[in-house]
Amino acid sequence: MAIEIEQPRVGLSKVAVSKTHGEDSPYFAGWKAYDENPYHETSNQSGVIQMGLAENQVSFDLLEKYLEEHSEASSWGKGAPGFRENALFQDYHGLKSFRQAMASFMEQIRGGRAKFDPDRIVLTAGATAANELLTFILADPGDALLIPTPYYPGFDRDLRWRTGVNIVPIHCDSSNNFQITPEAMEAAYQSADSMNLKVRGILITNPSNPLGATIQRSALEQILDFAVNKNIHLVSDEIYSGSTFSSSEFISIAEILETRGYKDAERVHIVYSLSKDLGLPGFRVGTIYSYNDQVVTTARRMSSFTLISSQTQHLLACMLSNKEFSENYIKTNRERLSKRYDMIIKGLKKAGIECLKGNAGLFCWMNLSPLLEKPTRESELALWKVILNEVKLNISPGSSCHCSEPGWFRVCFANMSEQTLEIALERIHKFMEQRKRN
Amino acid sequence: MTQTRYYRTRSPEPEKEKTGGGGGTAMRVIVPLQGVVQGRGGLVLGSIIPCALFYFLQFYLKRNRDDPDDKNESNSTGQNPTTRSPSSEHLTELPGLTRSLSRALLSPRNSGPVSISARVSGIVKGGDSPYYMGLKRVKEDPYDELDNPNGVIQLGLAENKLSLDLVKDWLAENAREAILGNGKELSISGIAPYQPFDGLMEFKVVTSGCLVRIELLGDSDWTSNNKITLGARGCLRVAIDHGQWFMVSDNNAMVLNLGLIVEYRYSTGFMSQVMENAVSFNPSQIVLTAGATPAIEILSFCLADAGNAFLVPTPYYPGFDRDVKWRTGVEIIHVPCRSADNFHLSIAALDRSFNQAKKRGLKVRGVMISNPSNPVGNLLNRETLYSLLDFAREKNIHIISNEILAGSTHGNEEFVSMAEIVDQEDTDRKRVHIVYGLSKDLSLPGFRVGVIYTFNEDVLAAARKLSRFSATSAPTQRLLISMLSDTKFVRTFITTNWERLQRMYVQLVAGLEKMGIKSIKSSGGFYCWADMSGFISSYSEKGEVELWDKLLNIGKVNVTPGSCCHCIEPGWFRFCFATLTEKDIPVVMERIQKVLKPVN
């Protein structure tokens, strides 16, 4: 009698089932290979070395030292005032002391050449959330953002997945060291137009991820002019600004605005975070700095979805407002990164590999195009597989960054010890020797 | 759409209400006309004429206003979609609720200032509903017995300060070590680098699972070959290696490399503890988020497309309009609960709302309940939960059960988690999703810890990926791992908190009753849901907001009027009592008494 009628499965949304998160690409596949067989100096010497993760561990000792010496940051102490406010604090404006510390830290990184108003700082749980939030605010589903290639693979997910916004690439190539030109921007704009996409903004990373190089003043001027002419927004993601090897080589869009007397500033938004420069991605601290009042107000309301724990804000406010610590940290960190960079560039050169000349970031942009059988994406991925499975290095193929020229790879160097980096370079050296012999 | 804006009297008659707004124009007009033909003219005259007049009045007012977006932002976010005006023109005013608004309305190319997206432009002007205005007033002029005795007393914020001293003392003793470890094991490398966005496994365990905790006490003679076998909950047996920490839940065991073994003990996850061990949770079904707000939004993103709808019983927490609708483009269909039923959810009302949505062409994807309820403070009983599950099965929709107040009960009534209901009913597990958090139950809203607990693997996978947009900071997680695995602390906290909530609630209710204000019996949360309809000048939202205004400006007490929670009956107010001290209660009563002048 009892006829079992099978219940139809309860359905999910398009967001839940879509593949827009892009986490099936080689960029993420490489991470998986690493996770399954991670290199360890003593317990797994033949494991995969992770060179696909832009994480900064070169200055952990400075952070540790600070926390050891300043117990007020990590605890509230016995009967310390402020606990009550802190535990209950969920105001989306963020702790005032923390916003002030952030603003002044951002100024310090820019050598005091730009000023930041703490009241324009919107806090988010990481730059990922900051970029998504700005996209929600600046564009409607179906609209487009222009992004110079090669770009950070995560943008495909962060900017598109939940927002329904499209990315239209601005193609850059090695002929001019991947610089962004007015012609390339115009071509991208026209291409969006031909697809009937409304362009709402242009997003740049400065210093660039994955290139590891800063954008020159003249190029920044051209990009801002372009945004003005087209009446679109300009998002400048500057999360690596403090990881520029020399302070004078980085020019923030904030400085360009300053020299222009803040004309056209209402279309400019800066994204910053402490994940890279301070090496604290686990803390999930990002920020949007916008010159547009409406964007500040809206972003603040929207930051309800991505607030930072008050405990963490308190800790970082103490840390960053300590000038002695922050000045020493910025200086030492720059020196150490620069040293690492020289080390990897020299090592690669010895192996016969050239890189794009860089001056910032936690990675270099390596040219293996002479090794490709054919100048195609397939050849690049074939080479990538060999390097992952045989050389046991996880690096990121340029195609995952939408690079239009095959054969380029992003290689991270700050998430490991010097010894590990040496081993990685040895492996590459051996690999190149082998190829020469064959 | 414009009803609340013009303070239209909310009709106690649901049927009239529905006819009033008009959803599908054709529907509304045709149905009463059939009434005429059948000789039921009275019904038509009683309903369609006032409605039509009202409808055209809206039209007229709208046409003649200078700034159509000016005032309604905050109110319209709270609109009952079932009573939305059919005029498509009105839709463009919705602040960021409809995801696919015509972009042509904004930003003509190359002219004027650069514009922001249509979906968020409305929200910029929002924030002037009594709920937000009251909170702002308290912020500007907060009451303090000594420093500011004429300031505004906060009764509008669902926050619990009653047991904060316990948390504070614990932190003062332990915070530093909890974050950084004892200098050997964790240190900075345990918090600084990237951690899983969906939360540290240890954190999930202390929040949810049964825990077998093993610590090193002095020297140990264990060798790496030693193994012990433990039976957890009398059924599960698990082998434990030297140097590993095992978590045990009813159907799985997980391994972490975390120090050495000597002593073991059982402990139950915080969620199970606050639910009095009636349920056990599996840590691998947890996704951690930066508070319950993103947890709810992530579930909305996962379960519904833009333009789909959730059924939500009213009155509900004013923030849901933002959390569920704003960025997702999902709609909320109100399911009115009434004083006659003590504001309990009825399946009949649920069914009516479902059908209304269907008539409007909206696809309903789920029901969202809050248990214990905010603002009423009542609990859903087992029977209702079973019927709810039946309803969801029949309609093939999801259930989101918001249980962030599960540990903040104060009566003797039993709290039943939706997780307990589906425990035995495997077939329906996939449609049930639970939201939890530590903001309310541990009095730590500043720490931003929310939890999605789902039985649906696809939702789990998607939510894990989405958690990168709202992840919780690692040092905060470390701190809470220590705190929640301190079983003695947790036990003391839960008992003490229960007692203190109970005491405050009883005193507040007694005080109100003395003035002739009755309230719904509440067993959970920090709320007293009080009937002040006898004190409003007109039985309407207008009268209600007038009283709210007097309470705020003359009485200097900030309470939340029911209209902010979309209560269908005017005159109800939410009093949050957990931000007060016992000394404040007589002051509050005195101030209310000053305002009240009974209407005869």
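Predicted model: local features only at pLDDT ≥ 70, side-chain atom pairs only at ≥ 80, totals over all residues.

Biologist: Which strands of chain B each supply at least two residues of the lining of the largest cavity, and how do its residues divide by class?

Modeller: The strands are β9 (309-314) and β11 (364-370) of chain B. By class, the lining has 14 nonpolar residues and 6 polar ones, with no charged residue among them.

Biologist: Why is the salt bridge of K14(A) and D305(B) said to join two chains?

Modeller: The side chains of K14(A) and D305(B) meet with N to O at 3.8 Å, and the cut-off is 4 Å, so the name salt bridge applies here as well. K14(A) lies in helix α1 (residues 14-17) of chain A, whereas D305(B) lies in the loop between α11 and β9 of chain B, and therefore the pair joins two chains.

Biologist: How many residues does the contact take from chain B and from chain A, and what area is buried between them?

Modeller: The contact takes 87 residues from chain B and 96 residues from chain A, where contact means heavy atoms within 4.5 Å. The area buried between chain B and chain A is about 7,700 Å², and carbon and sulfur atoms give 57% of it. With both residues at pLDDT 80 or more, 14 residue pairs are in polar contact between chain B and chain A. Several elements give two or more residues to the side of chain B that touches chain A, among them α6 (118-121), α11 (292-303) and α18 (474-485) of chain B. The largest share of that side, 10 residues, comes from α8(B). Divided by class, the side of chain B that touches chain A has 41 nonpolar, 22 polar and 24 charged residues.

Biologist: Where are P207(A) and P372(B) found, and what kind of peptide bond joins each to its partner?

Modeller: P207(A) is found in the loop between β5 (199-205) and α10 (217-230) of chain A, and a cis peptide bond, with omega of about -5 degrees, joins N206(A) to P207(A). P372(B) is found in the loop between β11 and α14 (382-395) of chain B, where N371(B) and P372(B) are joined by a cis peptide bond with omega of about -5 degrees.

Biologist: What is the phi of R284(A), and where is its place?

Modeller: R284(A) has a positive phi of about 50 degrees although it is not a glycine. The place of R284(A) is in the loop between β7 (268-273) and β8 (286-290) of chain A.

Note on methods: Residues numbered from 1 in each chain as written. Chains lettered and ligands numbered in written order. Heavy atoms only, no water. Helix = DSSP H or I, 4+ residues; strand = E, 2+ residues; numbered from the N terminus. Nonpolar A, V, L, I, M, F, W, Y, C, P; charged D, E, K, R; others polar. Buried area = accessible area lost by both parts, 1.4 Å probe. Polar contact = N/O pair within 3.5 Å; in protein donor to acceptor, adjacent residues only side chain to side chain.
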